[in-house]
Every structure is written in C-alpha cells, then in structure tokens.
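This report describes a single protein model for a reader who meets it for the first time. Please keep the sequence and the structure in view while reading.

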Amino acid sequence: AREAFRSIGFQIADEEHPPDWKEAARKMAREHLEEWRIPGTENIIVVFSYEVWHQGKSMAKEPTVVPSGWAEAVHEEVKSLLRPVDARGWSCESYSERVAFME
C-alpha cells in the first residue's frame, strides 16, 4: 500500500521513521480511554486530523478524538447514502472512523 500511495503522490513515512504526529495521536487516544480494555464499540476511537491543499487553497483540522457514535451534524439523506454494511451484515455508520469523516 505504501508504494501505491507514493506512486500517486502521497507522502508516506517509512515504518522505521514514523512521523511525530503518530506518537502524539497515540497519547491523545490513551488519555481519552484512560485504561486498556478489550476493544468494543464503546471504546474504539479515532484520532482524526487532516490538511488538504488544492489550487493554492488549504483546509485543515487539528487532531481530535472521535468516539463511535452517530454523526449528529450530518443530514439524514447524506447518512443514508453513506450507510455501509460490513461483511457480517451489520450497519456500520456509527463506527468511529466513519463518524470522523462524515463530521
């Protein structure tokens, strides 16, 4: 995957030299969860941030912890278009990584 992303212009860090944000994101996640627990829907989280540039303009979001839940700020019609179903047949629109992207 790293080679594929690099071939289309993504900047991908080498596994031996992780970027500084990786440890900062892990720290935020650990502080949010307080202690390790067996993963479950109530304690799977995402530390989400981005910086996107297009034609000289940028849009960015500072790192934020996003828990599983429902993306309240997203219109119902948009949620219904993005409502995926996983291999087990379960609806997964409340998964933390999807909530982070929708919000």
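## Helix H2

Helix H2 has 14 residues, which should span 20 Å at 1.5 Å a residue; the C-alpha atoms at its ends lie 21 Å apart, in agreement with that value. The expected span is 1.5 Å times one less than the number of residues in the helix. Helices (H or I, at least four residues) and strands (E, at least two) are DSSP runs, numbered from the N terminus.

The model is a predicted one: local features need pLDDT of at least 70, side-chain atom pairs count only at pLDDT 80 or more, and totals for chains, interfaces and linings use all residues. Residues are numbered from 1 along each chain as its sequence is written, and side-chain values use heavy atoms, with hydrogens and water left out.

## Overall organisation

The protein has 4 helices and 2 strands, in the order α-α-β-β-α-α from the N terminus. Of its 103 residues, 18% are buried; buried means under 20% relative accessible area, exposed over 50%, and partly exposed in between (1.4 Å probe, protein chains only).

Among contacts with a separation of 6 or more, 33% join residues 24 or more positions apart, a contact being heavy atoms within 4.5 Å.

## The largest pocket

The largest pocket holds about 800 Å³ of space. A pocket is an open set of points on a 1 Å grid over the protein atoms alone, where a 1.4 Å probe fits, with protein on both sides within 12 Å along at least five of seven lines; lining residues have an atom within 4 Å of a point. Grid points are joined across faces, edges and corners, and the volume is the space filled by probe spheres set on them.

The lining of this pocket consists of 21 residues, with Gln11, Ile12, Ala13, Pro19 and Trp21 nearest the centre. Helix H1 (2-7), helix H2 (20-33) and strand S1 (45-54) are the elements that each give two or more residues to the lining, and H2 provides the largest share, 5 residues. By class, the lining has 14 nonpolar, 3 polar and 4 charged residues. Nonpolar here means Ala, Val, Leu, Ile, Met, Phe, Trp, Tyr, Cys and Pro; charged means Asp, Glu, Lys and Arg; the others, Gly among them, are polar.

## The second largest pocket and Ala29

The second largest pocket contains about 230 Å³ of space. Its lining includes Ala29, Arg30, Glu34 and Ile45, and H2 gives the most to it, with 3 residues. The lining residues divide into 6 nonpolar, 1 polar and 4 charged.

Ala29 is in helix H2 and counts as buried because its relative accessibility is 17%. Leaving aside residues up to four places away in sequence, Ala29 touches Ile45 and Val47. Ala29 and Val46 are 17 residues apart in sequence, and their C-alpha atoms are 7.6 Å apart.

Most residues other than glycine have a negative phi. Glu34, which follows H2, has a positive phi of about 70 degrees although it is not a glycine. Glu34 is in the loop between H2 and S1 and is exposed, with a relative accessible area of 71%.

Gln55, likewise not a glycine, has a positive phi of about 50 degrees. Gln55 lies in the loop between S1 and strand S2 (57-67), and it is exposed because its relative accessible area is 71%.
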